[in-house]
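The sequence and the model are shown first, and the main points follow by topic.

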Amino acid sequence: MRDPPVSTFNHLDALESEAIHIFRETTAELERPVLLFSGGKDSVVMLHLAAKAFWPGPIPFPVMHVDTGHNFPEVIDFRDRTVERLGLRLVVKSVQDYIDDGRLTERRDGTRNPLQTMPLLDGIAENRFDAVYGGGRRDEEKARAKERIVSLRDEFGQWDPRNQRPELWNLYNARHRPGEHVRVFPLSNWTELDVWRYIEREQIELPSLYYAHEREVFARDGMWLAVGPVSQPREEEQVITKQVRYRTVGDMSCTGAVESDATDVSDVVVEVAATTLTERGATRADDRISEAAMEDRKKEGYF
């Protein structure tokens with residue numbers, strides 16, 4: 001009698017299969033989807049999965065980035081090269097444009113992440129997008145843990161965490177009324193470690209600042225902030241050079257680096273496996289404004 005075949009379908013295969021299924025099912029059901037693409041690792045993995053989902057055809061929707069004007073230059077360069085390589089249409093909404101014409105006011109603390117909501121909602125409305133693919137994961141932050149994989153936004157782009165649709169098995173409900181839209185999160189069930197193991201397995205290129213490098217930084221609120229045109233030290237803050245890397249790459253003025261010796265993806269996998277802090281809890285100042293900072297922003301329409 002022959003031995004039963006040994007299954008080679010592993011944890012990453014299951015996550016990849018689920019994400020591809022979500023892309024295919026929701027894209028078939030909706031008319032004008034868009035994928036949020038900033039050049040950060042989660043959106044890069046999302047784009048990789050979308051390319052697999054529709055191969056050998058092209059990715060059948062555009063990508064959109066809400067540019068705060070405080071992004072890392074390495075990430076913007078990577079974003080543009082990736083969009084050109086894949087032949088995608090890139091929609092950019094600029095926070096700086098809104099500040100220049102008075103629709104938004106610069107915050108006293110100088111951070112711009114909380115200012116992204118209005119440009120994001122305008123971009124969705126102007127292009128009549130009815131679905132927005134985002135790279136949010138449940139392990140990132142407690143408000144994101146409350147999201148369904150397909151999550152309804154009302155006619156004002158707002159989210160009600162107490163009024164969400166049940167999701168049974170792999171049945172997703174993307175129905176909505178005119179003016180409403182849905183946010184779709186194919187990476188909901190992934191962890192930061194899953195993302196990095198997948199990047200390692202698929203040999204996915206990322207912006208260089210995800211790996212350890214020397215940078216001038218200063219300490220503030222328990223984080224190492226980079227010295228740059230939009231993040232300058234105060235009089236009492238000392239600038240030093242450290243070997244650091246970034247776990248997430250948002251607004252420079254509120255995204256902290258972590259000390260690290262991880263110069264390649266295998267080193268990062270080992271580092272992430274050992275950490276006990278989430279990436280947003282460790283490196284995002286805008287999530288520390290209040291206990292419910294992320295949930296409050298999401299209710300208004302944030303990512």
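The model described here is a predicted one.

**Pairing of strand 6**

- Strand 4 and strand 6 run parallel and are joined by 3 bridges.
- Within this pairing, A131 has V182 in strand 6 as its bridge partner.
- Strand 5, residues 150–153, pairs with strand 6 in the antiparallel sense, over 4 bridges.
- V182 in strand 6 is also the residue that L152 stands opposite.

- An open sheet is formed by 4 strands in the order 8-7-9-10, with antiparallel pairing.
- Strand 8 (223–226) and strand 10 (258–259) each have a single partner strand and stand at the edges, so one side of each is left without a neighbour in the sheet.
- Strand 7, residues 213–220, runs antiparallel to strand 8 and is joined to it by 4 bridges.
- One of the residues involved is A219, whose bridge partner in strand 8 is W224.

**Nonpolar cores**

- The largest nonpolar core comprises 57 residues, and those with the most contacts inside it are F23, L35, V45, L49, F61, W190 and W196.
- Elements that give two or more residues to this core include helix 1 (11–29), helix 3 (73–86), helix 7 (192–202) and helix 8 (265–274), together with strand 4 (131–133), strand 6 (181–184) and strand 8.
- Helix 2 makes the largest contribution to this core, with 8 residues.
- Domain 1 (11–194 + 292–300) and domain 2 (208–288) both give residues to this core, so the core lies between them.
- Leaving aside residues up to four places away in sequence, L49 touches E16, A19, I20, F23, L187, W190 and Y198.
- Another core, of 19 residues, lies apart from the largest one, and among its members are V91, Y98, L120 and V132.

**Cavities**

- The structure holds 2 cavities of 30 Å³ or more.
- The volume of the second largest cavity is about 50 Å³.
- This second largest cavity is lined by G136, R137, R138, R144, E147, F185, S188 and K298.

Note on methods:
Residues numbered from 1 in each chain as written. Predicted model: local features only at pLDDT ≥ 70, side-chain atom pairs only at ≥ 80, totals over all residues. Heavy atoms only, no water. Pairing = 2+ DSSP bridges. Core = buried A, V, L, I, M, F, W, Y, C linked by side-chain atoms within 4.5 Å. Buried < 20%, exposed > 50% of the residue type's maximum accessible area, 1.4 Å probe, protein only. Domains from an automatic or database assignment. Contact = heavy atoms within 4.5 Å. 1 Å grid on protein atoms, 1.4 Å probe; cavity = no way out; pocket = protein on both sides within 12 Å on 5 of 7 lines; lining within 4 Å. Points joined across faces, edges and corners; volume = space filled by probe spheres on them.
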